[in-house]
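Thank you all for coming. Today I would like to walk you slowly through one place where two parts of a chain meet, so please keep the picture in view while I talk.

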Amino acid sequence: MQDISSIALMRILEFSGCRLKSGVVQSAGVKSMPIDRLSQLEKNLKSLRDQQHALEQEAILTTGLPQIQAEQRLQEKIKPKIREYEKEYWQILAQQTKTVEIPEQEAEVIVAQVVEEIGQIEVQRQYPDEVLQIVWQIRDKLNEPGPTAAAKLKGVISSIPPFLGISIEGEFDTENFLQQHFPTFWKWSKVLAKKS
């Protein structure tokens, strides 16, 4: 007969994705938790972005108190939550990429495209200095001699969270920036998230 504390422990372990077999805790897989979390974060972000779009439309189409309430909800609830989830998403992805094999040939193509696009961003100078500083840091990492293109690509992924810090005031949309300027990298990172 099991005592209450051992039953509680078993329930906690089951809830956390672990199994107790012959007195030994067996994890359902360290990688499954972050993958599941990445998937959940993507769903949450989609939902929040849908809400953001609806509130932006409401703020445009209404006046007075409804407009003010829509704008306040955007600034106080929706945008901060989006930044929080984006930051967690990229941190988990950066952790996961440490154990993932990236084909060198694929990485070389992506790195070359990122470097080329950074050159165009520098010429256009349409972004705030904070964005350019991070873009230059990424460029410098990619231009360093030595590491493979795959290692450099992993470095780029770990550099994404600082972009999220720029959007504190909600003026900089990281997702749109990455989709617009680094579409190949963006698509690849989404595939990588599913593989990790």
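Helix 3, residues 64-97, and helix 8, residues 183-195, pack at an angle of about 70 degrees, with their axes 10 Å apart, and because an angle from 65 to 115 degrees counts as roughly perpendicular, that is the word for how these two helices lie to each other. Please remember that this is a predicted model, in which the mean confidence is highest in helix 3, at 89, and lowest in strand 2, at 36.

Which residues of helix 3 meet helix 8? They are Tyr-89, Trp-90, Leu-93 and Thr-97, and on the helix 8 side the partners include Phe-185, Trp-186 and Ser-189.

Now to the rings. The model holds four aromatic pairs, and in one of them Trp-90 and Trp-186 are tilted, with 6.2 Å from centre to centre and 45 degrees between the planes. This pair links distant parts of the chain, since Trp-90 belongs to helix 3 and Trp-186 to helix 8, 96 residues apart, and both tryptophans are buried.

Phe-185 and Trp-188 form another tilted pair, at 6.1 Å and 35 degrees, but here both residues lie in helix 8, three residues apart, or about one turn of the helix. Phe-185 is buried, with a relative accessible area of 2%, and Trp-188 is buried too, at 8%. Finally, Tyr-89, Trp-90, Phe-185, Trp-186 and Trp-188 form one aromatic cluster.

Terms used
Residues are numbered from 1 along each chain as its sequence is written. This is a predicted model: local features need pLDDT of at least 70, side-chain atom pairs count only at pLDDT 80 or more; totals for chains, interfaces and linings use all residues. Side-chain values use heavy atoms; hydrogens and water are left out. Axes are lines fitted to C-alpha atoms, for helices over the stretch in contact, and angles run from 0 to 180 degrees between N-to-C directions. Helices (H or I, at least four residues) and strands (E, at least two) are DSSP runs, numbered from the N terminus. Angles under 35 degrees count as roughly parallel, over 145 as roughly antiparallel, 65 to 115 as roughly perpendicular and the rest as oblique. Contact means heavy atoms within 4.5 Å. pLDDT is the predictor's confidence in each residue, from 0 to 100. Rings of Phe, Tyr and Trp (its six-membered ring) pair if their centres lie within 6.5 Å; planes under 30 degrees apart count as stacked, over 60 as edge-to-face and the rest as tilted. Buried means under 20% relative accessible area, exposed over 50%, partly exposed in between (1.4 Å probe, protein chains only).
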